[in-house]
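Dear colleague,

I am passing the structure below on to you, together with some notes on what turned up in it. Please read the notes with the coordinates open beside them.

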Amino acid sequence: MSRPRPEPVQVIKQRRDSALEALVGGIPYSRYLGIRFERRGDELTAILPFDEKLIGDPILPALHGGVTAAFLETTAVLSLAWTRLWDEIESGRLSTDDLTPDTMPRMPKTVDFTVDYLRSGLPRDAYARARVVRSGRRFASVQVEGWQDNRDRLYASATGHFVMPQPPESNG
Amino acid sequence: MAIPPEQIARQFIEAIPHSRELGMTIEEIGGGACLISMPYDEKLIGDPRTGVIHGGAISALMDTCSGAAVMSHPTGPSATATLDLRIDYMRAATPRQTIRARAEVYHLTRSVAFVRARAYDDQEDPPVATAAGAFTLSVRDRG
């Protein structure tokens with residue numbers, strides 16, 4: 001009748017944070033752009049700290065549209081991979097000790113990605129959050145919102161479709 | 001007197017910090033079309049297990065190339081910004097090969113330019129990705 005004792009909070013945090021770190025740290029391009037992720041429970045917020053090398057219009061100045069696209073796409077792919085990884089880790093099917101670059105679940109593959117540029121990106125930090133609208137066995141659809149100073153004043157939004165990596169045991 | 005649009009476009013693109021960071025070089029430009037190359041670099045990798053470069057780097061290349069194509073249009077736009085850009089990923093880029101993007105303005109109104117672009121590595125067909133976008137247009141000498 002009695003519920004199992006909940007795990008100590010540090011153990012849970014440690015497990016989730018190291019899973020996230022293993023996921024994010026493995027991508028050279030997002031490291032190069034300087035993208036970080038903050039976690040509240042299972043919710044991720046991506047952060048792109050401002051850097052001169054991200055400028056696309058030196059006169060305004062404004063962030064490069066390609067940087068914004070890359071930032072939102074990285075947020076979409078990682079958030080999607082994270083929702084899958086979360087289930088694996090929390091159910092105990094996957095142990096964080098096993099998470100090396102070689103055993104990491106494969107990343108979803110982008111089929112298409114469309115960015116709406118709503119305002120020019122200011123020369124300061126940017127934030128993004130993704131919503132997995134639909135995640136099926138083979139395909140997923142994800143929406144991403146990007147903002148800077150005000151959460152309600154988006155500077156870009158995007159939507160994309162992805163092919164999910166297939167588990168090795170499913171042979172056709 | 002008048003500086004040709006392709007020369008303005010070239011100077012404009014070569015002054016973009018992020019495009020220089022990624023090693024982008026204009027190979028051809030003029031008449032609302034542009035060809036830009038981007039050498040392979042380990043910092044662009046999206047999947048360390050295969051060495052395939054990240055889709056985001058392809059996006060940055062396509063966006064720059066499309067903007068350059070707009071700037072080189074004979075109507076002589078003074079500035080442009082991306083309204084939207086859709087990218088379709090056909091296949092993974094082959095690791096260690098230079099990526100090239102070719103963009104062309106296929107329609108232009110007073111305020112908007114419609115652009116198509118494709119990106120490829122040593123193999124041109126099928127392309128790595130194709131893109132379609134709408135760009136804002138500001139024109140010099142309105143009077």
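In chain B, residues 24 or more positions apart account for 62% of the contacts (heavy atoms within 4.5 Å) with a separation of 6 or more. This is a predicted model, in which local features need pLDDT of at least 70 and side-chain atom pairs count only at pLDDT 80 or more, whereas totals for chains, interfaces and linings use all residues. Residues are numbered from 1 along each chain as its sequence is written, chains are lettered from A and ligands numbered from 1 in the order in which they are written, and side-chain values use heavy atoms, with hydrogens and water left out.

The mean pLDDT (the predictor's confidence in each residue, from 0 to 100) of chain B is 91, and 97% of its residues reach 70 or more.

Chain B has 3 helices and 8 strands, which follow one another along the sequence as α-α-β-β-β-β-α-β-β-β-β. Its C-alpha trace spans about 55 × 25 × 20 Å along the principal axes, and of its 143 residues 50% count as buried, that is, under 20% relative accessible area with a 1.4 Å probe and protein chains only.

The structure also holds 1 cavity of 30 Å³ or more; on a 1 Å grid over the protein atoms alone, a cavity is a set of points where a 1.4 Å probe fits but cannot get out, and lining residues have an atom within 4 Å of a point. The volume, meaning the space filled by probe spheres set on points joined across faces, edges and corners, is about 30 Å³ for the largest cavity. Both chains contribute to its lining, which consists of A:Ala69, A:Glu73, A:Phe113, A:Val115, B:Ser59, B:Leu85, B:Ile87 and B:Tyr89. Strand S5 of chain B gives the most to this lining, with 3 residues, and H3 and S5 of chain A also supply at least two residues each. By class, the lining of the largest cavity divides into 6 nonpolar (Ala, Val, Leu, Ile, Met, Phe, Trp, Tyr, Cys and Pro), 1 polar and 1 charged residue, where Asp, Glu, Lys and Arg count as charged and the others, Gly among them, as polar.

With best regards

Notes. Helix = DSSP H or I, 4+ residues; strand = E, 2+ residues; numbered from the N terminus. 1 Å grid on protein atoms, 1.4 Å probe; cavity = no way out; pocket = protein on both sides within 12 Å on 5 of 7 lines; lining within 4 Å.
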